[in-house]
Amino acid sequence: MNVGDAAERSGLPAKTIRYYEEIGLIRPARADNGYRDYSRDDVHRLAFLRRARNLGFSIDDCRQLMALYQDRDRASHDVREIASAHVRAIEEKVRELQSMRATLQKLIQACHGDDRPDCPILDDMAGVVEDEKALQA
């Protein structure tokens with residue numbers, strides 16, 4: 001099948017499929033005319049990659065996961081370690097986002113939201129608050 005058919009069946013844009021081929025994640029056969037010829041297995045691998053990317057795995061993680069998926073002699077603990085590392089990264093990102101939210105909520109509460117030009121939100125972004133604290137010390 002051509003890239004359009006593979007895109008439709010895998011749920012990935014054709015541009016993404018071409019990119020995955022460019023970086024070596026997939027290797028479709030070539031027809032006599034030089035066009036890509038995607039098999040059902042290729043579409044299955046593309047759907048696998050779509051799901052892995054939707055779960056937030058990096059391209060490098062996807063490469064490792066794809067290799068493990070194709071290796072019937074794999075050890076499941078190898079897959080588990082990749083997934084566990086990804087969960088730890090997600091948890092760190094969640095902590096960072098929660099901290100950002102808390103900071104923004106404090107800044108929003110400190111902002112009068114009126115016609116005056118002073119704005120604690122902009123002051124914080126510009127480092128004015130820290131600069132004033134340093135001067136007072």
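Guide: Let's start with glutamate 21, which sits in helix H2, residues 14–22. Keep in mind that this is a predicted model.

Visitor: Why is glutamate 21 called buried?

Guide: Buried means under 20% relative accessible area. Glutamate 21 comes out at 17%, so it counts as buried.

Visitor: What makes the pairing of glutamate 21 with arginine 30 a polar contact?

Guide: The cut-off for a pair of N or O atoms is 3.5 Å. The side chains of glutamate 21 and arginine 30 are at 3.1 Å, and they make a polar contact. The side chain of arginine 36 makes one with the glutamate 21 side chain too, at 2.3 Å.

Visitor: Which residues does glutamate 21 touch, leaving aside neighbours within four places in sequence?

Guide: Those are Ile26, Pro28, Arg30, Arg36 and Tyr38.

Visitor: On to the helices. Why are H1 and H2 called roughly perpendicular?

Guide: H1 covers residues 3–10, and it packs against H2 at about 105°, with the axes 9 Å apart. The range for roughly perpendicular is 65 to 115 degrees, so H1 and H2 get that label. On the H1 side, Val3, Ala6, Ala7 and Ser10 make the contact, and on the H2 side Ala14, Ile17 and Arg18 do. By class, that contact has five nonpolar residues, one polar and one charged.

Visitor: What makes H3 and H4 oblique to each other?

Guide: Helix H3 (residues 40–54) and H4 cross at roughly 135°, their axes coming within 10 Å. Roughly perpendicular stops at 115 degrees and roughly antiparallel needs over 145, so H3 and H4 are oblique. Their crossing is right-handed.

Visitor: Which residues meet between H3 and H4?

Guide: From H3 there are His44, Arg45, Phe48, Leu49, Ala52 and Arg53, and from H4 Ile59, Cys62, Leu65, Met66, Tyr69 and Gln70. They split into eight nonpolar, two polar and two charged.

Visitor: And how do you know that H4 and H5 are roughly antiparallel?

Guide: H4 spans residues 59–70 and H5 spans 76–110; their axes come within 10 Å and cross at roughly 160°. Angles over 145 degrees count as roughly antiparallel, and H4 and H5 are therefore put in that class. This crossing is left-handed.

Visitor: What meets what there, between H4 and H5?

Guide: Asp61, Gln64, Leu65 and Leu68 of H4 meet Asp78, Val79 and Ile82 of H5. That makes four nonpolar residues, one polar and two charged. Leu65 turns up here and also in the contact with H3.

Technical notes:
Residues numbered from 1 in each chain as written. Predicted model: local features only at pLDDT ≥ 70, side-chain atom pairs only at ≥ 80, totals over all residues. Heavy atoms only, no water. Axes fitted to C-alpha atoms, helices over the stretch in contact; angles between N-to-C directions. Helix = DSSP H or I, 4+ residues; strand = E, 2+ residues; numbered from the N terminus. Parallel < 35°, antiparallel > 145°, perpendicular 65-115°, else oblique. Left-handed = near helix turned anticlockwise from the far one by under 90°. Contact = heavy atoms within 4.5 Å. Nonpolar A, V, L, I, M, F, W, Y, C, P; charged D, E, K, R; others polar. Buried < 20%, exposed > 50% of the residue type's maximum accessible area, 1.4 Å probe, protein only. Polar contact = N/O pair within 3.5 Å; in protein donor to acceptor, adjacent residues only side chain to side chain.
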